[in-house]
Amino acid sequence: MDKEVTYRVGIPVLGPRGETLGRLEKVLLTESRHLVTGLIVRALESLHILPLDRVTEVSASEIRTSVLPEEFHKFPVFDPTQYEEVPPWFFPPGHHIELGALVTIRPLDVREQGEEEAMTRRAFMGRSVAIVAAAIGVSLLVPIGGYIMAAATTPMKDSWQDLGVKLQDLPLDEPVGHSFRAVSVSGWMRVPEEKSVWLIRHSGPSDPASKPEDQVLGLDSPLERKDSDPRLTVLSPICPHLGCEPQWHKGQKLFICPCHHSIYQINGKRIGGPAPRPMDTLPARIAEDGAISVIYEQFAIGIAAKKRLA
Ligand code: FES
């Protein structure tokens, strides 16, 4: 029987001419290989073991066999005290049992010849492999643990992302959406992800827009204060209201969020809509040759505080 089979306890077991032999009560499994070997069929007050090779069909409503009624009572009587019940998840792949059904496995003394010996050998091998693995594990624990601890405490400076763009290549006072491949550091894992930011190159420190509202309101972190430059503002593309992406509207010289129409000035300052705070600025550095790098971070949305997400 190579197709998927569901055994539903209580369905009739029928002979070749459609005569009812009894009802399915349990399913017999081998212990070591979890193979279905027989069905326990109740015929009036007695339970008989019907070998699986005499079953011709199992459907949701009935089981068909090649066994004649007069032959059925010759099959061995099932003695429940000699067997152990196991939960449904014990069933082999391709065989299912309806919820609440009982599954039975064969006890030690009726295993196939050699099976017990094979079991013992397998158990010995399994234990040996486990002991060796444990020893290797312990010997590796210290250096690996050290590595993990060191990586888990990787300082933020390691998260600087080179954007591959230079300040002098950006237009003045015109936001540019820039995508890049960021590597996010999560404990000891480094996961490359596609990210984007808004880059705004200001005309100069005297440009009033060069001071983002984050700084005015004191929402920026000490890191951002240290790593900010009046020539450049880097804005997160995520709207602090509910996480949509505001777009730059050249004609109006405003960022407008398409979802609930929050409106922001070129430096991220809110001038309308439901957003609870300005667009979030990100720490940025400008190298001597003008190369820009940022720390890409995300912040909680829907709240006035600029709360960094872990
Ligand atoms: S998500 Fe931007 S305004 Fe609501």
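Strand E17 (residues 263-264) and E18 pair in the antiparallel sense over two bridges, where strands (E, at least two residues) and helices (H or I, at least four) are DSSP runs numbered from the N terminus, and two strands count as paired if DSSP finds at least two bridges between them. Within this pairing, Ile263 has Gly272 of E18 as its bridge partner. The sheet to which they belong is open, has four strands in the order E15-E16-E17-E18, and is paired antiparallel. E15 and strand E18 (270-272) are at its edges with a single partner strand each, so one side of each has no neighbour in the sheet.

This is a predicted model, in which local features need pLDDT of at least 70 and side-chain atom pairs count only at pLDDT 80 or more, while totals for chains, interfaces and linings use all residues. Residues are numbered from 1 along each chain as its sequence is written.

The loop between E14 and strand E15 (247-249) holds Pro240. Pro240 is buried because 27 other C-beta atoms lie within 10 Å; the cut-off for buried is 20 or more such atoms, with 12 or fewer for exposed and partly exposed in between, C-beta atoms being placed from the backbone. Leaving aside residues up to four places away in sequence, Pro240 touches Ala275, Pro276, Arg277, Met279, Asp280, Phe299 and Ile301, a contact being a pair of C-beta atoms, placed from the backbone, within 7 Å. Pro240 and Ala300, 60 residues apart in sequence, are 7.4 Å apart in space from C-alpha to C-alpha.

For the chain as a whole, the mean pLDDT is 76 and 67% of residues reach 70 or more, pLDDT being the predictor's confidence in each residue, from 0 to 100. Over residues 106-138 the pLDDT is below 50, and it stays under 50 over residues 141-158. Where pLDDT is low, the predicted coordinates should not be read in detail.

Conventions: Contact = placed C-beta atoms within 7 Å.
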